[in-house]
Amino acid sequence: MFAKMKITHKLTALLSIALLGLVFTTSVSLYNIQETMLEDRKHALKNLVQANKKILQYYYALFEAGALSETGAKEEAYKVLRAVRYNEKDYIFGYSYDGTAQITPKAASIGKNYIGLKDPNGVYLIKDLITAAKQGGGYVSYAFPKPGDKEPSPKLGYAESFAPWQLMIGTGVYIDDLEAAFAQERNKQALIALVVILIVGAGGFYLRRSIMAPLKMKAQIQEFEETIGSVVKGVSLAVTEMQNSAKSLADTAEETARQAGAVGLASESAANGIQTVASASEELHASIGEISGQTSKTVQAAKECVSETESASVE
């Protein structure tokens, strides 16, 4: 089917396939960028939780060694973790398995139960974080207001469990900055794709014209050759007919001269006139032959021009 298509349709199809491939590649690239950005953020959260979990393990080891009571070890560990800050405003939090706050930057929240806390989307964020922690650690997406804001913003949390004290320890970061960074990258990729589309479109248009122009010229030359050939053939036939007629008249004149001796001079004069016509006819035939030869040379030169143009287009 493709082989039977016109060359213009083939070019259009190829350009369309190339542009669709570009759109697909750009879409896949954007998806991979978004996933990579999110995975980097997840990896950072996990590292933070595991690093701060070592503080709990350190003080629990002091309790096991008898250096501190269990209550004293908890108090010291929680005190240290409550003071931890990163990215200026982000913090570590910890909740007992029943949802009671143990580690939080707000002193007024310590000892309160938040197991039923929901975000605007209906996500039980503390409950889900505790569940993820018990399952060996996991991520929870939820919405929570930034400090000083009333409207919730998208946030991603990660939590792990510290089984000896029945505690979930975790942290969370806002991810609206990821969305803004992705939007910027998406706009950049879209601009690049647009430039490529314009370049490919312009190149395709130029290629189409460079291919079609020689083909069109070739068709015109062929048509011209056929027209000239028809004209030359017609004139040649007319001249041949004229020669035949002149010869016939000459033969008739000679016969008349033989039969009418009394008017020999007049007949000879008529014969000479008709012979002149025959000679002129022969000269005309020769001239037409020369014109035909010159026309063939012109057509051949035009064909060579077309061939050179096609070669230049391919290069």
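Does N87 count as buried or exposed, and at what relative accessibility?

View 1. At 57% relative accessibility, N87 counts as exposed (over 50%, with buried meaning under 20% and partly exposed in between, for a 1.4 Å probe and protein chains only). N87 is found in the loop between β1 (85-86) and β2 (90-96); strands are DSSP runs of E with at least two residues, helices are runs of H or I with at least four, and both are numbered from the N terminus. The phi of N87 is near 55°, a positive value in a residue other than glycine. The model is predicted: local features need pLDDT of at least 70, side-chain atom pairs count only at pLDDT 80 or more, and totals for chains, interfaces and linings use all residues. Residues are numbered from 1 along each chain as its sequence is written, and side-chain values use heavy atoms, leaving out hydrogens and water.

**View 2. The residue E88 in the loop between β1 and β2.** E88 is not a glycine, yet has a positive phi of about 70°. With 74% relative accessibility, E88 counts as exposed.

**View 3. The largest nonpolar core.** This core (buried Ala, Val, Leu, Ile, Met, Phe, Trp, Tyr and Cys residues joined through side-chain atoms within 4.5 Å) has 23 residues, and L56, Y78, L81, W165 and L167 have the most contacts inside it. At least two core residues come from each of α1 (7-64), α2 (70-82), β5 (152-162) and β6 (167-174). The largest share, six residues, is supplied by α1.
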